Amino acid sequence: MNPFIQEREALWDAFLQRWPLESLPTMTLPQYTQAGNDDSFTYWLEARTEELGSIWGGSAFKFGVYSRKDKTPKQSKGTQSYSENYAWYSKYGNSEEEAFAVVRDKIVQVANAARAGNFEGIGSMDLGRAFKWKIAFLYQNRQDPALIPVYSAEYLAAYLGQKSTDSIARLQRSLRAQRGSENVFTFAKTVWETAKTIIQQRQ
C-alpha cells in the first residue's frame, strides 16, 4: 500500500477508535465541542481528519452548537442563540443542552444511515451540509466504501459534468460507478484536482 493511502487509512482507523458509532448516542456536550480541546468530536471532524476531506470554512454554526472561545456577551437574535459558553442555532432549542440533544440525534441518524448504505435520506437531514457528509463518509461501510471524501456538490458536479443542484447522494452514486475498484482516496484526489481546474477555468 502506498504511503498516501496508508496514512489516510490509519487516520480513519484512529478516528473510529476514538469515536466508534456505538459511542455517539451517549456523547456529552463537552465531548462534542469544547474550545481549546483537540480531542472533541468537532475538532476531530474539522482539524484532525482534514486529510479525509476538508470541511474548513464558514462559521462554527455548521456544527449546530459550539463552544465559544470568545466569551464577549452576545444577544441572541434571529436564527442564532448565545449563552456565556455556547452558541447554537435557535431552531434546535432554547438552551445549549436542548440544542445539543437535537444535533446529537441527527448525527446518530446520519451515521447509522451511512453505515447501512442508505445515503438518499441524508440530504434532507437538517445539519450543516459538508459536516453531515463527512460524518457519512467516516461511518460508511469501510469494506465497500460508496462515498468519496469530497463534500462539495460544486466539485462533485464539475468533475461529472453535471449541475451542482443535483443531490450529493446522486452525485456520489455516479462517482461510485466510475471509480470501479480504484482506492477511494486516490480517486477522490483525482476528482478534487480535476474539479478545481474546471472551476478555475470557468472564473
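Me: Let's start with Trp192: how does that residue count by relative accessibility?
Reply: Trp192 counts as partly exposed, at 37% relative accessibility. For the cut-offs, buried is under 20% relative accessible area, exposed is over 50%, and partly exposed is in between, using a 1.4 Å probe and protein chains only.

Me: Before we go on, what kind of model is this?
Reply: It's a predicted model: local features need pLDDT of at least 70, side-chain atom pairs count only at pLDDT 80 or more, and totals for chains, interfaces and linings use all residues. Residues are numbered from 1 along each chain as its sequence is written, and side-chain values use heavy atoms, with hydrogens and water left out.

Me: OK. Where is Trp192 found, and what is it in contact with?
Reply: Trp192 sits in helix α8. Helices here are DSSP runs of H or I with at least four residues, strands are runs of E with at least two, and both are numbered from the N terminus. If you skip neighbours within four places in sequence, Trp192 is in contact with Val150 and Tyr155; contact means heavy atoms within 4.5 Å. Trp192 and Ala158 are 34 residues apart along the chain, with their C-alpha atoms separated by 9.4 Å.

Me: How do α6 and α8 cross?
Reply: The axes of α6 (residues 153–160) and α8 (residues 184–202) come within 8 Å and cross at roughly 90 degrees. So α6 and α8 are roughly perpendicular to each other. The axes are lines fitted to C-alpha atoms, for helices over the stretch in contact, and the angles run from 0 to 180 degrees between N-to-C directions. Under 35 degrees counts as roughly parallel, over 145 as roughly antiparallel, 65 to 115 as roughly perpendicular, and the rest as oblique.

Me: Which residues meet there?
Reply: On the α6 side you have Glu154, Tyr155, Leu156, Ala158 and Tyr159. Among those they meet in α8 are Phe187, Val191, Trp192, Ala195 and Ile199. By class, the contact of α6 with α8 has ten nonpolar, two polar and three charged residues. Nonpolar covers Ala, Val, Leu, Ile, Met, Phe, Trp, Tyr, Cys and Pro; charged covers Asp, Glu, Lys and Arg; the others, Gly among them, are polar.

Me: And Leu175, is that buried or exposed?
Reply: Leu175 counts as buried, because its relative accessibility is 1%. Leu175 lies in α7 (residues 168–179) and touches Ile148, Leu156, Tyr159, Leu160, Phe187 and Val191, not counting residues up to four places away in sequence.

Me: Switching topic: how are α1 and α3 placed?
Reply: The axes of α1 (residues 3–18) and α3 come within 11 Å and cross at roughly 170 degrees. That makes α1 roughly antiparallel to α3. Leu11, Ala14, Phe15 and Arg18 of α1 make the contact with Phe41, Trp44, Leu45 and Arg48 of α3. Those residues divide into six nonpolar, no polar and two charged.

Me: What about α4, how far does that helix reach?
Reply: α4 (residues 96–115) has 20 residues and reaches 28 Å from its first C-alpha to its last, close to the 28 Å expected at 1.5 Å a residue. The expected span is 1.5 Å times one less than the number of residues. After α4 comes Gly117, with a positive phi near 75 degrees.

Me: What covers the buried residues of α4?
Reply: The cover includes α2 (29–32), α3 (41–48), β1 (65–67), β3 (86–89) and α5 (129–139). Phe100, Val103 and Ile107 are among the buried residues of α4.

Me: Which residues touch the most other members of the largest nonpolar core?
Reply: Tyr32, Phe41 and Tyr139, out of 61 residues in that core. The largest share, nine residues, comes from α4. A nonpolar core is a set of buried Ala, Val, Leu, Ile, Met, Phe, Trp, Tyr and Cys residues joined through side-chain atoms within 4.5 Å. Beyond four places in sequence, the contacts of Tyr32 include Phe41, Phe63, Phe100 and Phe131.

Me: Last one: where is Asp38 found, and which residues is it in contact with?
Reply: Asp38 is in the loop between α2 and α3. Leaving aside neighbours within four places in sequence, Asp38 is in contact with Tyr43, Trp44 and Arg48. Asp38 is partly exposed, with a relative accessible area of 43%.
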